[in-house]
Amino acid sequence: MPFLKNAEPAVSEVVRKALREGLASAQSPAAVFFNLRAYQQKLVELSEAFPYPALNALAVKTNPLVKMLKMAADKGFGAECASAGELAIAKKAGFPAGRIVFDSPVKTEQEIRYALDEKIHINADNAQELALICRLMKNELSCRKGSIGLRINPGLPLNEYNRYFSAEERNNITGMRSSKFGVLLGQAKALLIQNDEFSKILTGLHVHIGSQKSPVEMLIRGIKNAVGLAEYLNRNHNYQIRTFDIGGGLPVKYRDTDRTISFGAFSNLLYSEVPLLRNYSVITEFGRAVFANSGWAASKVEYTKTVKNEHNNEIKLALTHIGKNMISRYHELLILDSAGGLKTGAPIPQTIGGPLCFSGDLIGINRTLPLIQPGDWVIIKDVGAYTFSEWSFNANRRFSPIYGYNEENNFSILREGQTAEEVASFWE
Ligand SMILES: Cc1ncc(COP(=O)(O)O)c(C=O)c1O
């Protein structure tokens with residue numbers, strides 16, 4: 001479902017209440033809101049699709065809000081971390097070490113030592129990292145009981161999937177031969193056969209094929225090929241690989257035409273295509289599909305103007321407070337009036353610009369929407385994943401406040417907005 005089905009009147013109600021309570025105002029002209037019931041529902045769907053003993057480790061980079069992660073930690077979920085900062089976030093959110101997966105493609109020796117000491121599962125990215133882990137585990141008593149995976153790049157023939165990708169999207173596929181992630185399947189096979197010592201420490205394999213645009217058949221094919229490698233190594237080379245981390249990558253709907261699949265349907269398809277996966281203790285690392293659709297942003301329109309293109313055609317522009325500092329991809333937009341009511345009127349093409357200091361700072365180009373006026377609110381849909389977590393410092397805008405709301409539309413603060421002084425003190 002892009003956004004939440006039929007949610008527009010409900011969003012209008014939430015904005016009206018936020019205006020009454022001063023959470024959205026002339027002084028606080030941009031905020032992110034999370035429908036916490038919708039989020040919790042996604043957690044239920046995920047845990048039903050991959051029930052215990054699978055470990056569902058949420059990708060922290062998608063949405064690092066400690067309070068939302070804590071809700072998941074309390075329900076037995078895990079955390080997938082890509083940096084020392086994310087390990088600290090996971091700790092703050094209350095994930096026990098045994099439910100944390102450390103995945104960074106570039107880990108320092110110190111970070112690896114920390115993860116080994118804490119008994120955090122590490123997915124090594126490459127042969128050199130695996131050798132370093134092996135050395136540390138041999139030499140340091142406290143490190144001896146690590147749980148170690150190796151990221152496999154199945155090297156999928158991307159040309160077979162060309163129809164799914166634009167040139168830009170191809171760069172987001174991590175499971176193609178030229179990608180910087182993991183060890184290519186064939187190379188991994190040779191590496192693990194030739195280095196017997198790895199069989200003493202390696203407990204898992206890991207794949208993550210890409211985010212959003214990767215077709216489901218491609219995700220499954222990557223997993224299947226790497227499970228084949230685990231089976232081969234266990235059968236023929238003294239390996240005891242017991243854990244298989246399938247990564248994340250399930251797409252969500254940002255627009256009606258986006259192809260997607262529920263966690264349940266994906267799990268059914270995966271286990272029917274890769275029955276050998278049942279031999280392993282499974283880790284999942286979903287992010288986007290958990291968080292994207294339950295979050296939306298409200299941004300006040302400050303000014304409007306009309307400009308002209310090179311053909312002398314008029315372009316109606318609306319200028320608002322959230323731009324490319326938070327929004328890097330297509331999101332559907334909804335316009336509310338200054339009181340939070342659904343805006344009506346004949347839709348006309350308009351372009352919505354953000355507050356940053358470069359001309360590409362546009363969050364909607366030629367969108368057909370009711371006439372936008374100063375004081376209106378632009379609602380940016382489906383911003384729960386990879387938006388504020390990829391915040392840019394351009395123009396040093398203040399980070400927006402983030403609120404959750406429950407079924408009664410009661411608000412809770414998920415993160416305070418930044419003050420100008422806090423922005424300044426970052427640079428001190
Ligand atoms: C290693 C790893 N696992 C999981 C994820 C989450 O992917 P998604 O949000 O598409 O589920 C990512 C995202 O880039 C990743 O790099």
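Of the 428 residues of the protein chain, 44% count as buried, and the model that shows this is a predicted one. The chain contains twelve helices and 18 strands, and its domain assignment gives domain 1, made of 8–34 + 293–426, and domain 2, which covers 36–290.

**Overall shape and contacts**

- Taken along the principal axes, the C-alpha atoms of the protein chain fill a box of roughly 70 × 45 × 40 Å.
- The radius of gyration of the protein chain is 23 Å, which agrees with the value near 22 Å that a compact globule of 428 residues would have.
- Among the contacts in the protein chain between residues at least 6 apart in sequence, 70% join residues that are at least 24 apart.

**The two domains**

- Between the C-alpha centres of domain 1 and domain 2 there is a distance of 34 Å, and where the two domains touch, 18 residues of domain 1 are in contact with 17 residues of domain 2.
- On the side of domain 1 that touches domain 2, the elements that give two or more residues are strand E17 (402–405) and strand E18 (411–415), and the largest share, three residues, comes from E17.
- Sorted by class, this side of domain 1 has seven nonpolar, seven polar and four charged residues.

**Backbone features to look at**

- As background for this group, most residues other than glycine have a negative phi, and most peptide bonds are trans.
- Tyrosine 52 and proline 53 are joined by a cis peptide bond, with omega at about 15 degrees, and proline 53 is found in the loop between helix H2 (36–49) and strand E2 (55–59).
- Lysine 119, although it is not a glycine, has a positive phi of about 65 degrees, and its place is the loop between helix H5 (109–118) and strand E5 (121–124).
- Lysine 119 counts as partly exposed because it has 16 C-beta neighbours inside 10 Å, a number between the limits of 12 or fewer for an exposed residue and 20 or more for a buried one.
- Asparagine 366, another residue other than glycine, has a positive phi near 55 degrees, and this asparagine is found in strand E15, which runs over residues 362–369.
- With 13 C-beta neighbours inside 10 Å, asparagine 366 likewise counts as partly exposed.

Notes
Residues numbered from 1 in each chain as written. Predicted model: local features only at pLDDT ≥ 70, side-chain atom pairs only at ≥ 80, totals over all residues. Domains from an automatic or database assignment. Contact = placed C-beta atoms within 7 Å. Helix = DSSP H or I, 4+ residues; strand = E, 2+ residues; numbered from the N terminus. Nonpolar A, V, L, I, M, F, W, Y, C, P; charged D, E, K, R; others polar. Rg over C-alpha atoms; globule rule 2.2 N^0.38 Å.
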